[in-house]
Amino acid sequence: MAYQTLQDAVFGAPDVVVTDQQIAKLPYAANYMKMGELPQALVILAKVEGEDRLWASQGDEILVTRFGHIVRTDILSDTNIEELRFVKGNPLEKGLASLKQHNYQVNGLISSMPDYQFDLPFSAHYQVKGSVTVVIANKIQNLTQVDEHYSVPELDFYTVNHYWLNDRGVVFKSQQQLLPTLPMITITTLKPYIQDLQ
């Protein structure tokens with residue numbers, strides 16, 4: 001199967017749509033990824049380093065996630081996330097029970113290149129919105145929507161990101177914008193990494 005790259009998407013190729021049979025034959029975990037209004041592309045799990053999941057396209061564009069949060073990007077756009085880290089641990093690691101606490105708020109630092117913006121403080125406040133029906137990999141799933149009110153004061157940037165989690169707290173879909181110079185990135189799980197489900 002030929003995998004569409006994000007570079008292909010820039011030149012107007014249509015959305016990648018993978019059939020159930022193709023998903024079953026994929027030897028690796030895989031996600032759809034969509035940047036802003038660009039067509040959706042397919043990314044494959046290329047490497048696992050601890051809790052980091054490195055997703056790659058055929059064109060070597062890289063997206064790194066940790067518990068569903070985007071923590072690094074390479075060659076995705078003119079601006080890339082060099083590092084995103086939370087001061088006291090990733091809130092999505094703790095699962096829905098912790099996120100349901102009233103006023104669950106965390107702080108962290110984000111760095112980007114090539115604009116050399118390092119360790120910009122951000123804050124994120126989480127709200128569990130409730131159960132919703134989401135179609136993922138051609139199947140209907142009941143997931144819990146979590147809204148992340150995210151701000152980077154030094155950049156005068158504020159947005160609301162969205163995460164859809166199963167009962168065990170695994171993120172199956174997300175919409176994340178972490179810098180004003182990056183578009184909203186939508187990640188949808190096609191074939192999950194099996195160890196993340198255990």
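Visitor: What makes a residue a contact of Gln177, and which residues qualify?
Guide: Contact means heavy atoms within 4.5 Å. By that rule Gln177 touches Tyr150, Phe157, Thr159, Asn161, Leu182, Pro183 and Met184, leaving aside residues up to four places away in sequence. The model is predicted, so local features need pLDDT of at least 70 and side-chain atom pairs count only at pLDDT 80 or more, while totals for chains, interfaces and linings use all residues. Residues are numbered from 1 along each chain as its sequence is written, and side-chain values use heavy atoms, with hydrogens and water left out.

Visitor: Why is Gln177 called buried?
Guide: Buried means under 20% relative accessible area, exposed over 50%, and partly exposed in between (1.4 Å probe, protein chains only). Gln177 has 16%, so Gln177 counts as buried.

Visitor: Where does Gln177 lie?
Guide: Gln177 is in the loop between strand S11 (171-176) and strand S12 (185-191). Strands (E, at least two residues) and helices (H or I, at least four) are DSSP runs, numbered from the N terminus.

Visitor: Why is Gly95 called buried?
Guide: Its relative accessible area is 10%, which the same cut-off classes as buried. Gly95 belongs to helix H3 (residues 95-99), and its C-alpha atom is 6.8 Å from that of Arg168, 73 residues apart along the chain.

Visitor: What makes two strands a pair, and how many bridges join S8 to strand S9?
Guide: Two strands pair if DSSP finds at least two bridges between them. S8 and S9 (residues 139-152) are joined by 13 and run antiparallel, so they pair. Ser123 has Ser151 in S9 as its bridge partner.

Visitor: Why are S5 and S6 called edge strands?
Guide: The open sheet has 12 strands in the order S5-S4-S3-S2-S1-S12-S11-S10-S9-S8-S7-S6, with antiparallel pairing. Strand S5 (69-74) and strand S6 (80-86) each pair on one side only.

Visitor: What makes a set of residues a nonpolar core?
Guide: The residues are buried Ala, Val, Leu, Ile, Met, Phe, Trp, Tyr and Cys, joined through side-chain atoms within 4.5 Å. The largest such core has 40 residues, and Ile81, Leu84, Ile110, Tyr126, Tyr150 and Leu165 touch the most other members. Strand S8 (residues 117-136) supplies its largest share, four residues. Another core, of 16 residues, lies apart from it and includes Val18, Ala30, Tyr32 and Leu42.
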